[in-house]
Amino acid sequence: MVASSTGPNALSHVFTSESVTKGHPDKVSDQISDAIVDALIGADPQARVACETLVTTGLVVLAGEVTVHTPEAEKALLEVEDLARGVIRGIGYVDPALGFDYRSCAVVRTLHSQSADIALGVDGLKRKKVGKKQGAGDQGLMFGFACDETRSLMPLPIQLAHRLTSRLTEARESGEVKWLRPDGKSQVSVEYVGEKPVGIDAVVVSTQHDESVIDPRTNNISRKARNEIIAKIIKPVIQEECPKLWSSKIVYHINPTGRFVIGGPHGDTGLTGRKIIVDTYGGRGSHGGGAFSGKDPSKVDRSASYMARHVAKNIVAAGLARACEVQLSYAIGVAEPISVLVDCEGTEAVEERRIAHAVRDTFPLDPTGIIEYLDLLRPIYQRTAHDGHFGRKDRAFTWERTHRTADLRKACAL
């Protein structure tokens, strides 16, 4: 979507993004995979982890490639079954009546060592032609995005969608809305004139619930429960995030199928890495195709995507553009990126080529440099695996810092 004028002749359009709660089956899988990453790199910072999780009725399957080098990590690897059960319990699947709970589910582990051929490319310290820099763990292209629509420099539709799912979880865990269950989704449609959001067109919330809110006359969720979602979930979020866009004209779709009692892994099989658009920018901008969860930071799918967001956010925060997408591309075993592209969608204050040169001069873009700069060898990843990897206030998310704005402006001769 190319930015356009906000004048009287600017075109209007509606853009929609979605998010899911931490109890959504795909997010259950992501959180288990990232809990394993946390446990292993916490015990061995040089661990190599690529862990996929499948969850369905009564079953969790852990698969992937893992290489560890310390006795502590070996012990952690032996405890992944208990770890998975702990994640499931923490999410809220504690009742066998849900069809999936932490006590009764079977956990099948099929983890094996990483390919030695791949390891040759990653372990750069052992390869003279790479020098002391670690090579990229795979080829691929990664994107980062930022824009000035919100305080977090995230697109407004995905920011609101994430806040809604987060609010659903808060209301369930606190007992404020007692009939909520873990699974749920949100979707927000924002009206734009040119590049500026001017209104909220529609909000969709589908949340798992217990039988207490079923209207016996219709066998669907009651009007009272729908109104409670609007009053306690939707309205507080919109009025906090964008109060000027709160309007009586917003169209609500609350559990539009009527009922949502059967949910979670019992209602739909979950897989790691199946919510990559939810994890990033809600469809705004581009996506390289690689998932984040279950991967240690030597995988540029994860670390370079975090860096690309950091770079784009600093460009916008520096006033060099109102919207910015950064693309980084890598070859397996090669440390430096093959290409660096900065696309400001016509909103740039200086030439995009100058900004791209400033990016190379300001930020480390090789895997080793990214990992050290963002301090990624920490057990922080389970926290990223719900409510989005970007736009969060969590201090552990170092890629959200905007402390390089002055350096970028100086590098651009501003």
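Which residues of H11 are buried? The legends below answer this and describe further views of a predicted model, in which local features need pLDDT of at least 70, side-chain atom pairs count only at pLDDT 80 or more, and totals for chains, interfaces and linings use all residues. Residues are numbered from 1 along each chain as its sequence is written, and side-chain values use heavy atoms, with hydrogens and water left out.

View 1. Helix H11 spans residues 367-374; helices (H or I, at least four residues) and strands (E, at least two) are DSSP runs, numbered from the N terminus. The buried residues of H11 are Pro367, Thr368, Gly369, Ile370, Ile371, Tyr373 and Leu374, where buried means under 20% relative accessible area, exposed over 50%, and partly exposed in between (1.4 Å probe, protein chains only). Because 7 of its 8 residues are buried, H11 is largely enclosed by the rest of the structure. These buried residues pack against helix H9 (300-317) and strand S12 (323-330); a contact means heavy atoms within 4.5 Å. Just after H11, Asp375 takes a positive phi of about 55°.

**View 2. The open sheet of four strands.** An open sheet of 4 strands runs in the order S4-S3-S2-S11, with mixed pairing; two strands pair if DSSP finds at least two bridges between them. Strand S4 (106-112) and strand S11 (270-271) stand at the edges, each with a single partner strand, so one side of each is left without a neighbour in the sheet. Strand S2 (residues 48-56) pairs with S11 in the antiparallel sense over 2 bridges. Val55 stands opposite Gly270 in S11.

**View 3. Strand S6 between two pairings.** Strands of a sheet pair through backbone hydrogen bonds, either parallel or antiparallel. Strand S1 (residues 12-20) and strand S6 (residues 180-193) pair in the antiparallel sense over 9 bridges, and Thr16 has Ser189 in S6 as its bridge partner. S6 also pairs with strand S7 (residues 196-209), again in the antiparallel sense, over 11 bridges. A hairpin is formed by S6 and S7 with 2 residues between them, and Gly194 in the turn has a positive phi of about 65°.

**View 4. The setting of Pro197.** Pro197 lies in strand S7, and Tyr192 stands opposite it. With a relative accessibility of 16%, Pro197 counts as buried. Not counting residues up to four places away in sequence, Pro197 touches Glu149, Leu156, Val190, Glu191, Tyr192 and Leu245. Pro197 and Val14 are 183 residues apart in sequence, yet their C-alpha atoms are 9.0 Å apart in space.

**View 5. The protein as a setting for the close-ups.** The secondary structure of the protein comes to 12 helices and 13 strands. The C-alpha atoms fill a box of roughly 75 × 65 × 25 Å, taken along the principal axes. Of the 414 residues, 58% are buried. Among contacts between residues at least 6 apart in sequence, 73% join residues at least 24 apart. The protein exposes about 17,500 Å², of which carbon and sulfur atoms supply 51%; accessible areas come from the Shrake-Rupley method with a 1.4 Å probe, and for residues only the protein chains shown count as cover.
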